[in-house]
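Good morning. I have one structure to go through today, and I will keep to what can be read from it. Please look at the picture first.

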Amino acid sequence: VLVARSKTMAPSGIHTVALECTPTLPTKGLILHWGVIRGDDAVAWHVLPRELFPPGTTVYKDKAMQTPFPRMTKLTFVLDAEVKAIHFALKNEETGKWITGPNKKDFVIQLDGKRGEGDTGAVPTTTAAV
């Protein structure tokens, strides 16, 4: 199970998101393949400015980011106020298999934009072994 927690800071609108894979990561690791949704464009993935990349993040085909999950802690990142959602899939490095959301679509973390209010939720990874 992948647990996602987000908080939007008032008055700046800056989002902090933490992802944690429980109970444990696969032996060879897990990769977060992700992009952010900005403004009214609910479809196109955008890449963050490099200064906002979590450690180990690389750009994939100029339209997504790939970030390895850390072994002993949560994956935490900071997003600017213009980010409305995060779309992502996971890749099990051990098996090479992709883990996607319902109907083989992206997982989505909606950032509601309400200033000062946090949004906490659990994102099930599907029945595929993580």
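This is a predicted model: local features need pLDDT of at least 70, side-chain atom pairs count only at pLDDT 80 or more; totals for chains, interfaces and linings use all residues.

The protein chain has zero helices and 10 strands. Read from the N terminus, then, the order is β-β-β-β-β-β-β-β-β-β. The chain has 130 residues, and 38% of them count as buried. Its accessible surface is about 7400 Å², and carbon and sulfur atoms make up 55% of that. Now take the contacts in the chain with a separation of 6 or more: 64% of them are between residues 24 or more positions apart.

Next, the core. Which residues of the largest nonpolar core touch the most other members? That core has 24 residues, and the ones in question are Leu-19, Leu-32, Trp-34, Phe-77, Leu-79, Ile-86 and Phe-88. As for where the core comes from, at least two residues each are supplied by β1 (2-8), β2 (15-21), β3 (30-38), β6 (75-79), β7 (83-92) and β9 (107-110).

Take Leu-79 as an example. If we set aside neighbours within four places in sequence, Leu-79 is in contact with Ile-14, His-15, Val-17, Trp-34, Val-36, Leu-48, Ile-86 and Leu-111.

Now to Asp-80, which is in the loop between β6 and β7. Is Asp-80 buried or exposed? Its relative accessibility is 17%, and the limit for buried is under 20%, so Asp-80 counts as buried. What does its side chain meet there? One partner is the side chain of Arg-38, joined to that of Asp-80 by a polar contact of 2.8 Å. Another is the backbone nitrogen of Glu-82, which the Asp-80 side chain reaches at 3.0 Å. Leaving out residues up to four places away in sequence, Asp-80 touches Gly-13, Ile-14, His-15, Arg-38, Leu-48 and Leu-52. Ile-14, His-15 and Leu-48 were also among the contacts of Leu-79.

On to the surface. Met-9, Ile-14 and Val-78 form a nonpolar patch there, and together they have about 210 Å² of accessible area. Met-9 sits in the loop between β1 and β2. Its relative accessible area is 37%, so Met-9 is classed as partly exposed.

Pro-11 is also in the loop between β1 and β2. The peptide bond leading from Ala-10 to Pro-11 is cis, and its omega is near -10 degrees.

Last, two backbone angles. Where in the chain is Asp-62? Asp-62 is in the loop between β4 (58-60) and β5 (64-68). Its phi is near 60 degrees, a positive value in a residue that is not glycine. With a relative accessible area of 72%, Asp-62 is exposed. For Asn-103, phi is likewise positive and near 60 degrees, and this residue is not glycine either. Asn-103 lies in the loop between β8 (98-99) and β9. Its relative accessible area is 71%, so Asn-103 is exposed.

Notes
Residues are numbered from 1 along each chain as its sequence is written. Side-chain values use heavy atoms; hydrogens and water are left out. A nonpolar core is a set of buried Ala, Val, Leu, Ile, Met, Phe, Trp, Tyr and Cys residues joined through side-chain atoms within 4.5 Å. Buried means under 20% relative accessible area, exposed over 50%, partly exposed in between (1.4 Å probe, protein chains only). Helices (H or I, at least four residues) and strands (E, at least two) are DSSP runs, numbered from the N terminus. Contact means heavy atoms within 4.5 Å. Patches are made of residues with over 30% relative accessible area and no salt bridge: like charges are joined within 9 Å, nonpolar side chains (Val, Leu, Ile, Met, Phe, Trp, Tyr) within 5 Å. Accessible areas come from the Shrake-Rupley method with a 1.4 Å probe; for residues, only the protein chains shown count as cover. A salt bridge is a side-chain nitrogen of Lys or Arg within 4 Å of a carboxyl oxygen of Asp or Glu. A polar contact is a pair of N or O atoms within 3.5 Å; within protein, one must be able to donate a hydrogen and the other to accept it, and residues adjacent in sequence count only if both atoms are side-chain atoms.
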